Amino acid sequence: MNTNDAQLQELASGFREALRHSIYLVRRLDADGELSAAQLSTLKMMLGEGQRVGEIARNLGVRVPSATEQIIKLERAGLARREPDPADSRAVRVILTEEGRAAVDSANKRRNQVMAEILSTLTDQDRKALAEALPVIDKINASLQN
């Protein structure tokens, strides 16, 4: 497919703008929480085996010193901690503490409840279309991540 095709370019622009707008609106869901949307995003990156500071910086779209500053704040709040990376003795990974995981779980519950209320106002057909689009969005996200 020709990537300069006008319809493809229009779809790309519309999709990108819809994502941008959604990100701004979803961040508002955290306005009443104790943690900012950026802090929650950083904590969510640490789920599982944690991440290196460089990976966190890349995912946040910031430089390593800015990510480090964010991580220090989360450590001081007792939500994250650094540990030696078992795969590389020169590196450290940032992982969630129990309090960090509880904060992520609480934020997810709050966000899901708000989103479920919004989705409940859609028609069955709209909800079905959204559910069918999710795997496509996952493919796009995977392409962007690589």
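## Basis and conventions

Two strands are taken to pair if DSSP finds at least two bridges between them, and the elements themselves are DSSP runs numbered from the N terminus, with helices (H or I) of at least four residues and strands (E) of at least two. By these conventions, Arg82 has Val94 in β3 as its bridge partner.

The structure is a predicted model, in which local features need pLDDT of at least 70 and side-chain atom pairs count only at pLDDT 80 or more, while totals for chains, interfaces and linings use all residues. Residues are numbered from 1 along each chain as its sequence is written, and side-chain values use heavy atoms, with hydrogens and water left out.

## Overall layout

The chain holds 6 helices and 3 strands, which follow one another from the N terminus in the order α-α-β-α-α-β-β-α-α. Along the principal axes, its C-alpha atoms fill a box of roughly 50 × 40 × 25 Å. Of the 146 residues, 23% count as buried, where buried means under 20% relative accessible area, exposed means over 50%, and partly exposed lies in between (1.4 Å probe, protein chains only).

The accessible surface comes to about 10,600 Å², and carbon and sulfur atoms account for 53% of that area; accessible areas come from the Shrake-Rupley method with a 1.4 Å probe, and for residues only the protein chains shown count as cover. Among contacts (heavy atoms within 4.5 Å) between residues at least 6 apart in sequence, 48% join residues at least 24 apart.

## The sheet and the helix across it

The 3 strands form an open sheet in the order β1-β3-β2, with antiparallel pairing. Its edge strands are β1 and β2, each of which pairs on one side only. Strand β1 (residues 51-52) is joined to β3 (residues 88-96) by 2 bridges, and Arg52 has Arg93 in β3 as its bridge partner.

Helix α4 (residues 64-76) lies across β2 and β3 and runs at about 115° to β2; axes here are lines fitted to C-alpha atoms, for helices over the stretch in contact, and angles run from 0 to 180 degrees between N-to-C directions.

## Salt bridges

A search of the whole structure finds 11 salt bridges, each defined as a side-chain nitrogen of Lys or Arg within 4 Å of a carboxyl oxygen of Asp or Glu. In one of them, the side chains of Asp85 and Arg52 meet at 2.8 Å, N to O. This pair links distant parts of the chain, with Asp85 in strand β2 and Arg52 in strand β1, 33 residues apart. Asp85 counts as buried because its relative accessibility is 5%, whereas Arg52, at 29%, is partly exposed.

Lys128 forms a salt bridge with Glu132, the closest N and O atoms being 3.9 Å apart, and both residues lie in helix α6, 4 residues apart, or about one turn of the helix. Lys128 is exposed at 54% relative accessibility, and Glu132 is exposed at 51%. Elsewhere, salt bridges that share partners join Arg52, Asp85, Asp88, Arg90 and Arg93 into one network.

## Helix α5

Met115 is found in helix α5 and is partly exposed, with a relative accessible area of 30%. Leaving aside neighbours within four places in sequence, Met115 is in contact with Val26 and Leu29.
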